[in-house]
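Could you walk me through this structure, one selection at a time? I have it open in my viewer and would like to know what to click on next.

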Amino acid sequence: MPDNATPELTAFSWVPPMPRGLVRDLRVRWVLEEMGQPYRTRLFDHRTDGAETRRPDQPFGQVPAFRQGDVALFESGAICLWLAERDPALMPQDEAARARVLSWIFAALNSVEPNILMLQYVTLFDGDKPGATEFAPTARSRLSDRLGQLSEALCENEWIAGPFSVADVLMVSVLRQLGRGDNLDPFPNLVAYVARGEARPAFQRALAAHMADFVED
Ligand SMILES: N[C@@H](CCC(=O)N[C@@H](CS)C(=O)NCC(=O)O)C(=O)O
């Protein structure tokens, strides 16, 4: 009999080596680990399972999608938010604190991540398309401006919206996509912020589980 109480998360059993450790199911695993909530995964092999195999759970054929009992969600942000609403350690109950966390969740996904994606498109995914090389410096400069603003907002604070919250899971996850290097290194407080997030035992458990689900080539 299927166990409806245990949350199920979709993820990949195979992607090329580079995105391993960065696929967006990791954000959800991190939240689940912070909550101490066991879960199981339903895995797709990116080499053989086309987008249509994921579309019943995710309209764009992507991971992650999430199911618990009758509740089904897609979009990593929505899943993390829904889960965090169930744990005051991740989403404060005080209205003013909650408003700060909500704002920073959307800032991570809506104001920071698109700038990272834009750079990834012109340097990685579509780097060979006409105009990509010419636009790359602009994308880099826009990202740098946005990271500068984020760096000022974080200042010397430990976490982005007060005590550690789901906003940090999302913001650190977004920034991790940059790795170390020319984009993030000019902002030492952001580098330290990412390192603080990655040092959390829940993140380490989530990363280990995410990596363990990949099969070798
Ligand atoms: N906005 C979505 C993005 C999900 C996404 O980009 N998923 C990628 C992996 S990180 C994916 O499934 N790509 C496979 C594909 O598009 O075929 C979310 O946050 O959940």
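How many cavities of 30 Å³ or more does a search of the whole structure find? The search finds one. Before you select it, two notes on the ground rules. You are looking at a predicted model, in which local features need pLDDT of at least 70 and side-chain atom pairs count only at pLDDT 80 or more, while totals for chains, interfaces and linings use all residues. Residues are numbered from 1 along each chain as its sequence is written, and side-chain values use heavy atoms, with hydrogens and water left out.

**Stop 1: the cavity**

Rolling a probe the size of a water molecule over the atoms shows where empty space is left. Here the work is done on a 1 Å grid over the protein atoms alone: a cavity is a set of points where a 1.4 Å probe fits but cannot get out, a pocket is an open set with protein on both sides within 12 Å along at least five of seven lines, and lining residues have an atom within 4 Å of a point. Grid points are joined across faces, edges and corners, and a volume is the space filled by probe spheres set on the points.

Select Leu22, Val23, Arg24, Leu26, Arg27, Trp30, Ser173, Arg176, Gln177 and Phe203 to show the lining of the largest cavity. The space inside is about 70 Å³. Colour by helix next (DSSP runs of H or I, at least four residues; strands are E runs of at least two; both numbered from the N terminus). With three residues, α1 gives the most to this lining, and α1 (25-35) and α5 (166-176) each supply at least two.

**Stop 2: the two domains**

Now colour domain 1 (8-89 + 202-210) and domain 2 (95-200) separately; the bounds come from an automatic or database domain assignment. Their contact (heavy atoms within 4.5 Å) takes 19 residues from domain 1 and 21 residues from domain 2. The C-alpha centres of the two domains lie 20 Å apart.

**Stop 3: charged pairs**

Side chains of opposite charge can pair when their charged atoms come close. Counting a salt bridge as a side-chain nitrogen of Lys or Arg within 4 Å of a carboxyl oxygen of Asp or Glu, the whole structure has 15. Across the interface of domain 1 and domain 2 there are four.

Show Arg200 and Glu34, a salt bridge whose closest N and O atoms are 2.7 Å apart. Then return to Arg24, whose side chain meets that of Glu113 in a salt bridge (3.1 Å, N to O). This pair links distant parts of the chain, 89 residues apart: Arg24 sits in the loop between β1 (8-14) and α1, and Glu113 in helix α3 (residues 95-125).

**Stop 4: the largest pocket**

Which residues lie nearest the centre of the largest pocket? Select Arg24, Leu117, Gln120, Phe125 and Gln177, from a lining of 38 residues. About 1,200 Å³ of space lies in this pocket. Helix α3 gives the most to its lining, with eleven residues, and both domains contribute at least three residues each.

**Stop 5: Pro92**

Finish at Pro92, in the loop between α2 and α3. Leaving out residues up to four places away in sequence, Pro92 touches Ala97, Arg98 and Val101.
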